[in-house]
Amino acid sequence: MSIIFNEQNKTFYLNGKGYSYVFRINDVGYPEQLHFGAPIPCEDVTFVRSFGGRSMVASPAGVDNGKLSYHHTLPEIAFYGSGDFREPTFLVQSERGDRLCDLEYIGYDVLEQKPDITGMPSLDGGQTLILHLKDKFGDMLVDLYYTVYEDVSVITRRIVYKNGGKAPVKLERAYSFTLGMHGTDYDIMTFPGNWMDERTPETRPLGHGVISADSKRASSSSTMNPAMAILPRGTTEQYGEAYGVCLVYSSSFVLKAEGASTGDSLIMGGINDFDFSWKLDGGESFETPEVVIAYSSDGIGGMSRAFHDAFREHIINKRYVKQPRPVLINNWEATYFNFDNDKLRAIVDSVQGTGIDTLVLDDGWFGRRSGDNDGLGDWYVNEQKLEGGLDAIIEHTHSKGMKFGLWFEPEMVNELSDLYIAHPDYAIGIPGRPKSYSRHQFCLDLTRKDVRDCIVEMINKVLREHKIDYVKWDYNRNVTDTFSVGTEPERQAEFAHRYALGLYDICERIINGNPDIFFEGCSSGGGRFDPAMMYYFPQIWTSDNSDAEARTKIQYGTSIIYPLSSMSCHVSAVPNHQNNRVTPMKTRADIAHLGATGYELDTTKFTDEDRETVKAQVEEFRAMQDIILEGDLYRIENPFEGNYFSEIVVTKDKTRAAFCVYRRNSQANEYTKRIRLAGLDKDKMYHIDKLGITVSGASLMNVGIAPNLKVADFISEMYLLTEVK
Ligand code: DGJ
């Protein structure tokens with residue numbers, strides 16, 4: 001049994017893979033956390049709380065006892081106004097305007113199967129504890145959900161807030177969780193970034209006060225990812241305990257770490273309470289998105305592997321997550337908007353014999369689209385550009401034994417489109433007030449059902465009428481002018497969350513409605529890279545920056561939370577279109593092969609030699625794709641810290657591994673670089689293909705290897721290790 005309740009000491013023991021999560025119901029009926037970390041036996045650990053009474057302490061309402069205080073307790077949920085002066089998990093305003101809520105435990109349920117969240121993706125899973133709480137002096141009901149996993153080192157949490165009274169109330173904040181942590185000696189890692197520079201890990205010490213990471217964009221965003229690592233000071237990539245939280249959510253979010261005056265810390269977050277409120281009529285409930293909380297005793301690397309396993313096993317579509325991925329040619333950087341059917345046919349012909357098996361026709365095939373200022377919203381083929389329509393190029397692609405993929409940007413509209421001319425109100429904005437442009441386009445109001453129906457109908461029509469195997473779903477701007485003409489004034493601050501619910505609704509109807517089509521996510525690259533999106537999109541275009549050197553950092557940072565199988569990575573042209581850098585073709589392929597690989601350059605310019613090179617690269621990828629997609633990742637050299645980038649991916653049974661090493665700049669007279677591998681079985685013997693040697697895992701991990709890279713800039717090597725019996 002993973003979830004145990006001891007009636008005597010009123011303690012809940014939640015035991016998952018590699019962790020125990022323990023809390024008790026204390027003397028005033030408050031759930032108080034006792035331990036989250038390495039496994040412990042189900043014994044009484046209530047001795048750990050030794051609050052002895054201090055001055056200036058506020059006791060719970062109606063309890064004149066200086067030894068009790070919410071403020072000095074590690075909370076499972078924190079509330080405002082009853083003596084806890086730290087950040088609350090939620091804030092609710094009653095009809096008369098008060099904002100107090102003093103929760104006490106009223107019971108629990110254990111379910112053998114985790115229930116879904118209405119309208120939002122979440123991890124699947126097993127045993128789930130629901131802890132029921134109620135306002136002692138009012139009608140609010142709050143349920144805390146915990147799901148424990150025996151196969152992956154994560155616990156998931158979420159909260160349901162219910163108005164148990166008759167009069168309406170307003171949630172002014174409704175986070176998904178608060179996690180108490182003993183002590184304040186933590187470093188906090190967040191994942192800020194920018195377009196073309198996504199998920200750059202940033203680590204700061206947690207002092208007193210709050211570190212906050214958020215998005216106000218109605219998307220999970222490239223500027224901040226909805227994940228945070230909490231690292232006891234001294235934890236490294238390989239050693240020490242590491243905790244991580246990641247929201248299964250794609251709209252405006254916040255994550256906070258608070259170092260409190262009590263010498264403890266709180267981690268919390270969920271839907272961003274900036275520009276948020278939610279009206280709950282009597283009897284109504286509000287479900288929050290899920291948070292995945294990882295625990296590792298093997299450093300940051302162990303935390304990453306916990307997240308990777310959790311996402312691969314419990315949220316990414318089982319039909320695709322472990323399947324070989326298409327190795328595609330995408331025409332975007334080859335042609336941008338400048339293509340016709342002859343050019344597309346030539347691209348298809350030029351990759352014959354290379355192993356590339358899918359053409360993805362990117363932006364520009366529809367409506368009046370001739371550049372990025374028109375056509376979005378008109379999802380019917382531009383026959384002037386594509387003579388013979390879509391079917392001509394689809395049939396040609398299929399006749400060559402390849403699959404066909406098509407680009408859409410379903411959530412958007414250009415002013416210059418039939419859709420906008422017919423329905424200007426479908427775009428998000430305030431009537432009579434000019435809207436903010438971004439890439440010349442507006443966002444469609446997904447909070448409205450009629451707008452969603454229109455989008456779904458248009459896109460499903462294309463998917464019904466043509467033989468499409470693959471879709472790239474793009475999203476190239478963020479929401480501004482937040483307002484919906486379909487929503488009453490007092491509910492306008494519900495917009496960002498309603499956008500997420502609308503997005504998940506159209507994803508359900510388009511993606512789950514077309515289960516034989518493989519959907520790739522994209523948001524100007526990795527602008528919406530989160531586990532909820534991964535539920536629909538097994539892989540996401542990681543960044544619009546396709547330069548191999550930049551990608552070592554972007555992919556390294558992304559891998560701290562997300563599995564390699566979720567990252568689309570392409571070999572593109574040089575000089576690179578984003579930063580003009582010239583890197584060798586081999587390096588571009590080695591780095592792209594550390595994910596779901598593909599090509600994005602003008603293959604009609606290939607020489608026979610280029611074709612042979614690509615053929616060998618695709619063969620090499622195919623030989624190790626299962627390792628990359630399903631294996632355990634160990635990061636070895638951090639490109640943010642030195643001249644090298646290196647990682648090894650090892651199969652679960654440790655019989656094979658793919659090891660990549662990359663050096664940024666050449667150095668004259670460089671000392672011998674020795675790299676110690678990781679994650680292997682010390683007792684197994686491994687043959688390394690390109691070195692032609694057979695060595696024990698013990699030596700590879702303790703002595704290491706010297707890669708001897710050519711003396712030039714941006715050089716890499718990829719080695720395949722195979723067990724020899
Ligand atoms: C942004 C994407 O990230 C690119 O790959 C490409 O699809 C363009 N949009 C097309 O507009």
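Let me start with the ligand, which has 13 surrounding residues, the closest being Asp362, Asp363, Lys472, Asp474 and Asp544, where a residue counts as near if one of its heavy atoms lies within 4 Å of the molecule. What we are looking at is a predicted model, in which local features need pLDDT of at least 70 and side-chain atom pairs count only at pLDDT 80 or more, while totals for chains, interfaces and linings use all residues. Residues are numbered from 1 along each chain as its sequence is written, and side-chain values use heavy atoms, with hydrogens and water left out.

By class, the shell around the ligand divides into six charged, four nonpolar and three polar residues; here Ala, Val, Leu, Ile, Met, Phe, Trp, Tyr, Cys and Pro count as nonpolar, Asp, Glu, Lys and Arg as charged, and the others, Gly among them, as polar.

Turning to polar contacts, that is, pairs of N or O atoms within 3.5 Å, a polar side-chain atom of Asp544 lies 2.3 Å from a ligand oxygen, the side chain of Lys472 has an N or O atom 2.8 Å from an oxygen atom of the ligand, and for Trp407 the distance from a polar side-chain atom to a ligand oxygen is 3.1 Å. Taken alone the ligand exposes 300 Å², of which the protein buries 97%, with areas from the Shrake-Rupley method and a 1.4 Å probe.

Which space does the ligand take? It is the largest pocket, a molecule being placed in a pocket if more than half of its atoms lie within 2 Å of the grid points. On a 1 Å grid over the protein atoms alone, a pocket is an open set with protein on both sides within 12 Å along at least five of seven lines, a cavity is a set of points where a 1.4 Å probe fits but cannot get out, and lining residues have an atom within 4 Å of a point.

The largest pocket holds about 610 Å³ of space, volume being the space filled by probe spheres set on the points. Of its 33 lining residues, those closest to the centre are Trp195, Arg439, Asn476, Ser524 and Asp544, and the lining comprises 13 polar, 11 charged and nine nonpolar residues.

Finally, the structure holds three cavities of 30 Å³ or more.

Technical notes: A polar contact is a pair of N or O atoms within 3.5 Å; within protein, one must be able to donate a hydrogen and the other to accept it, and residues adjacent in sequence count only if both atoms are side-chain atoms.
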